[in-house]
Amino acid sequence: MDPQLLRSIWPVFAAETREQIQAIGSKVLGLEQPASARDADLLPSLKRVVHSLKGSAASLGLDDIERIVHAIEDGLSHVDVDQPISRGAVEAMLRGLSAIENALNRGDAGEQPVVDGVASLLKALGHEEPAAPGSDDAAINGPLGEDGL
């Protein structure tokens with residue numbers, strides 16, 4: 001994506017992403033409840049918000065954020081609607097959301113919105129994958145070039 005365009009839409013993306021992160025976190029915590037105590041739309045609505053965030057990040061070339069959200073989405077596809085989600089899965093998802101928030105803060109400060117520890121977060125989310133091309137240089141050569149936002 002053109003760095004100038006990303007800079008211009010960053011404030012809207014960051015604000016919307018923060019709202020989505022908050023909604024995802026609340027809904028993930030809700031999955032710890034017994035199925036009988038949950039809103040019937042909890043899991044489907046959670047999946048919609050996660051899918052939307054994944055698409056937004058991917059469309060802007062924010063690979064680290066997209067990969068973390070993709071891993072969360074994949075994890076949700078294995079959730080049994082009749083069972084509470086494991087505490088370990090909840091914690092991994094919340095760590096992923098926190099890492100995305102940190103990346104947003106970097107972007108707000110004019111830096112590359114990279115996620116620290118992508119590989120370990122993906123592993124915790126049960127979604128190990130090979131490193132993205134050039135991921136070692138993400139802080140230098142991300143979607144915004146060397147200068148950041």
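Modeller: Here is a short walk through some of its helices and their contacts. One thing to keep in mind is that this is a predicted model.

Biologist: Good to know. How do α3 and α4 pack, and at what angle?

Modeller: Helix α3 covers residues 63-76 and helix α4 covers residues 87-108; they pack at an angle of about 160°, and their axes are 10 Å apart. Angles over 145 degrees count as roughly antiparallel, so α3 is roughly antiparallel to α4. Their crossing is left-handed.

Biologist: Which residues meet there?

Modeller: From α3 you have Ile65, Ile68, Val69, Ile72, Gly75 and Leu76, and they meet Met93, Gly96, Leu97, Ile100 and Ala103 of α4. By class, the residues of this contact of α3 with α4 are nine nonpolar, two polar and no charged.

Biologist: And what about α2 and α3, how do they cross?

Modeller: The axes of α2 and α3 come within 8 Å and cross at roughly 155°. These two helices are therefore roughly antiparallel to each other, and the crossing of α2 and α3 is left-handed.

Biologist: Which residues are in that contact, and how do they divide by class?

Modeller: On the α2 side, the residues include Leu43, Leu46, Lys47 and His51, while the α3 side includes Ile65, Glu66, His70 and Glu73. The contact of α2 with α3 has ten nonpolar, two polar and four charged residues.

Biologist: Changing topic: which residues of the largest nonpolar core touch the most other members?

Modeller: That core has 37 residues, and the ones touching the most other members are Leu46, Leu62, Ile65, Ile68, Ile72, Leu76 and Val115. Two or more residues each come from α1 (3-30), α2 (42-59), α3, α4 and α5 (118-124).

Biologist: Which element gives the most?

Modeller: That would be α4, with eight residues in this core.

Biologist: What does Leu29 contact, apart from neighbours within four places in sequence?

Modeller: Those contacts are Arg87, Val90 and Leu94. Leu29 and Arg87 are 58 residues apart along the chain, with their C-alpha atoms separated by 9.1 Å.

Methods: Residues numbered from 1 in each chain as written. Predicted model: local features only at pLDDT ≥ 70, side-chain atom pairs only at ≥ 80, totals over all residues. Heavy atoms only, no water. Axes fitted to C-alpha atoms, helices over the stretch in contact; angles between N-to-C directions. Helix = DSSP H or I, 4+ residues; strand = E, 2+ residues; numbered from the N terminus. Parallel < 35°, antiparallel > 145°, perpendicular 65-115°, else oblique. Left-handed = near helix turned anticlockwise from the far one by under 90°. Contact = heavy atoms within 4.5 Å. Nonpolar A, V, L, I, M, F, W, Y, C, P; charged D, E, K, R; others polar. Core = buried A, V, L, I, M, F, W, Y, C linked by side-chain atoms within 4.5 Å. Buried < 20%, exposed > 50% of the residue type's maximum accessible area, 1.4 Å probe, protein only.
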